[in-house]
Amino acid sequence: MNKRLLRSLLSLMVCMAMLLSLAPAALAESANAPSTEMAVGAVIHGFEVVENGEFALLNAKTTVLRHQKTGATVFFLINEDTNRAFDISFVTPLSDDKGIPHVFEHSTLDGSKKYPSASLFFNLIYQTYNTYMNAATYQVMTTYPVASLSEAQLLKYADFYLDSCFNPMIYEDESLFRSEAWRYSLESADSPLTISGTVYSEMQGAASLETSASYNAMKAAFPGSHMGYNQGGEPTEIPSMTWQEVKDYHTAYYHPSNSLTTVYGAIDDPAAFLALLDEAFSPYEAKTFDFSTPDYTPVTSPVEKVCQYPVYEGTETENAAVTYITFICENATEEEQNVLDLLTMLLSDSSSALVSNLVDALPNADISVYLETDGPEPAVVFVATGMNEGDVQTLRECIYASVLEFAENGVSQNILDAIASSLTMETALMSEESDLGVNMAQNIAYCWATTGDVHAYEKSIANMDNFEKYQTEGKYAEVAKKYLTEDNQRVITVTTVPAPGQQEAIEADLAAKLAETKAAMSAEEIDQLVADTAALASGSMEDTSELVAQLQAVTVDNLPEEIRTYDYTDVTDASGIRRIDVTADVDGIGQTYILLDAAAIPQEDIHWLNLYLNLIGSLDTTEHSSADVYALQSRYLYDGAVKLAVLNTDDAQGFRPYIRASWKATDADMAASYALLNELLFESEFTDTALIASNIALFRQTMKQSYEQEIYMTQLYRAVSQSDVGFNFYTYATGVDYYHFLSDAQALLESDPEAFAAKMKHIQALLHNGANAVIGFAGNAASIENNRAAADSFLASLPMAEVAPQTYDLPVPASAEGIVINSTVNFNLVYATFEQMGVEGGFSGAMDAMCSLVSDGLLYPLLRDQYGAYGVFHGADEDGMYIISYRDPNVAQTFTVYNYVPMLLQQLQMSLDQETLDGYILSSYSYYALSSGELTGALSVITDVVNGDDPFRRLQWMHELKQLKVEDIMAFAPMYQALLDNGCMSTAGSQSALNTMPAGTYENIIKP
Ligand SMILES: [Zn+2]
């Protein structure tokens, strides 16, 4: 289920995502020349063609145009990708922590002169033919990307986005500001005054020690500049923002002269986009923008600082601090910055001396390094997590020593080979990336926003070719000695530590302030606020059907029912080895997928098995050091993973555990890649206690962060586990129980390292068996043959011993569960299987459109617009159906909304026409119609075949989806009723949030 689930989760508004550091990899086929000739010097709809070129990585012909009146830049990247994208971005500097650009980003999509509706944006996501619709605020820019499989549809979105950006309704309508930013709410005259708002909730959920540490560090490194402000808004600062500030911000920065527009993909008619852009830009006069930072006061001597981050009483504080050490690289030239960019990548690499020295010095810490170029001066930033306040000096010494070591020895040929090979694979596999146009447009825009150069991103990619050259020329040593030694006085060290109890103090303080505000209100003001709050809560649903129809370029009737199908063979030989080969249209490269039987693992060893799989690849083997092991993996196991897998079976137990290994490799490397897998799996050593301890600390840290930021995934896994025994095995092996087990494992490692190693060796011996193996492969005919030989020799090296499957009696999560996390917002889930919902025949494609309808028509208007939750996930897959509120200020209210869904669905159906329903079908359909990349599609055929699913059942879902009629809708009401009556529920939030529910609501409360 994971894939579909993730798809629907990821399609949620993910504002504020960090920029991809390195773009994904190249389109397989060469692009056609654009059909409209855009010769340099030509003028098309007020735009002059400035230059033509190529972006080889994307197999794209590029054209840069300048708007004659305003100077606005437009960048076309035309290739054969049918997942076309449009993006407009603005440089949006920061001067405080209120989150003004972020509120503006939300408000932009709250209606415009041509499209005056606050709910239209979400309606379009759910009701039109898009593969991506969103907006995001970054440290230096705000960006508005959208993608569609239809060029005509993309053109309509471009019109919608442009009018939204330049003529937003927020100028006239203060309520938009109140709903997005913040407002007072009052349920009744007696209830306490509270603050709500979409961005306010979103940023409470986004807050974490890690992000706060980065802002603290940048504020200290670049005092007085725009650096270090939270572009999303600090929850404590958001309520000081005014409507006027937001309007002024728009007037200042949303100007064509301060914009970059990117159009990407198989575009037949670029002129149509230029005509639209000209219409949007022409009302403006050219304007010059100055983004220098006059108030910047450069640091001239070393700075050391400790900042506190508020958490709840009882939060674990050991190894929970984050330290930033920033080296200002004064007057670094462009070339030096290019060298520093690659140097920091080498230092961050798991095989670097810095990483291994840190393991010895501070086993609980983890380090990364990057070049920061967003600020007034370039700087190299070292970030260490898993720290304590007292570790800072050790960290600094370790950095100085390691940089010196690096300067003297340089980087090994092994690592240079590994990097070269990774880059080649990335380029060859570029077309496998999802949302390529959208990601590229944002990368290009980000680099443009910091440099003013539309080619800055291409240049940073081109710089990747210099890894070896800089080494040969001694450049790494040169810049390391110049900027990263104790001679550099401009070093800023900032440690952010958790401060337990401070969160309670902040909340008490806010409550007191709100009580004071309320006390100062007159009786009339209180009555008015109660009435306003109630009015918002009963809110009227806007009818946007005409606007949606106006913006639809594709109809259900003309959707093609076709998907990429693959030829495959599935043969099990007399010895029990199963081979699945999928023929894919690629050249000289292949995707492997191997399962080794793990059914012999006894119950008490399940967590040890998972720990074993997590550790291998980070440790020494009998043949190589851990640093070499890292480099070899980059070299031979591209996109590689060795993980636990569980397949459902027809026997009494219902499932069987396996070890799954998958990676991509060229034909030439295939034999070597199997040999490396063999070495990792069966020749890893468990004697380096410091290295193992450091890895376990990192696993715990990563899991803890995911509990704070993505707890909904844990909730969903635990929900599905109640009805699916195989899933429950997986959740038990890898989830919260495993997280707790890691402390025990760490304790054993410390007290008795030999016993720990013996345990690992025992797991290794259990797994060392080729019986019942499944060998899956995707590639062309020659690659399949090549893989067969490599796989056969891998299997021949393994013993073939009969496997005695164990039986398991594992704990199952409670059907009503509370999960205590360190968060000021909540996540509320309901989930049921189709069996529990009484749906015979299980999942059908029509349910995708149903979920879109319910999300868009009921859940978003109620939970987000009225009750201030940031978002909601609602979806169905082959196992069941879920609703999860996301960054939600409420608990009880949200479950009340869920309970109204069946009744509200009845009302919704009465006003629904087929045209509107077709919109929901279109948006769901675009997911199925989107091609996934040749190897990615082939890999999903393998996983479907091993899971016993029809790999081409998607076609059936597409058909079912297109057949959905308005009169069918009410048949789903009992399903929703049963979801609520028979399914399970959970809440993740702070203990005090869980306490707001009646006693006994949760059968069990856990604390990860
Ligand atoms: Zn947002």
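Guide: Let's start with a crossing: helix 24 passes helix 27 in a left-handed way, a term used if the near helix is turned anticlockwise from the far one by less than a right angle (right-handed if clockwise). This is a predicted model, where local features need pLDDT of at least 70, side-chain atom pairs count only at pLDDT 80 or more, and totals for chains, interfaces and linings use all residues. Residues are numbered from 1 along each chain as its sequence is written, and side-chain values use heavy atoms, leaving out hydrogens and water.

Helix 24 covers residues 689-709 and helix 27 covers residues 736-751; helices here are DSSP runs (H or I, at least four residues) numbered from the N terminus.

Now for the residues that touch, with contact meaning heavy atoms within 4.5 Å. Helix 24 brings T689, I692, A693, I696, A697, F699, R700, M703, K704 and Y707, which meet V736, Y738, Y739, L742, S743, Q746 and L749 of helix 27. By class, this contact has twelve nonpolar, three polar and two charged residues. Here Ala, Val, Leu, Ile, Met, Phe, Trp, Tyr, Cys and Pro count as nonpolar, Asp, Glu, Lys and Arg as charged, and the others, Gly among them, as polar.

For another pair, look at helix 2 and helix 6, whose crossing is right-handed. In that pair, H102, V103 and H106 of helix 2 meet T198, V199, E202 and M203 of helix 6.

Note on methods:
Axes are lines fitted to C-alpha atoms, for helices over the stretch in contact, and angles run from 0 to 180 degrees between N-to-C directions. Helices (H or I, at least four residues) and strands (E, at least two) are DSSP runs, numbered from the N terminus.
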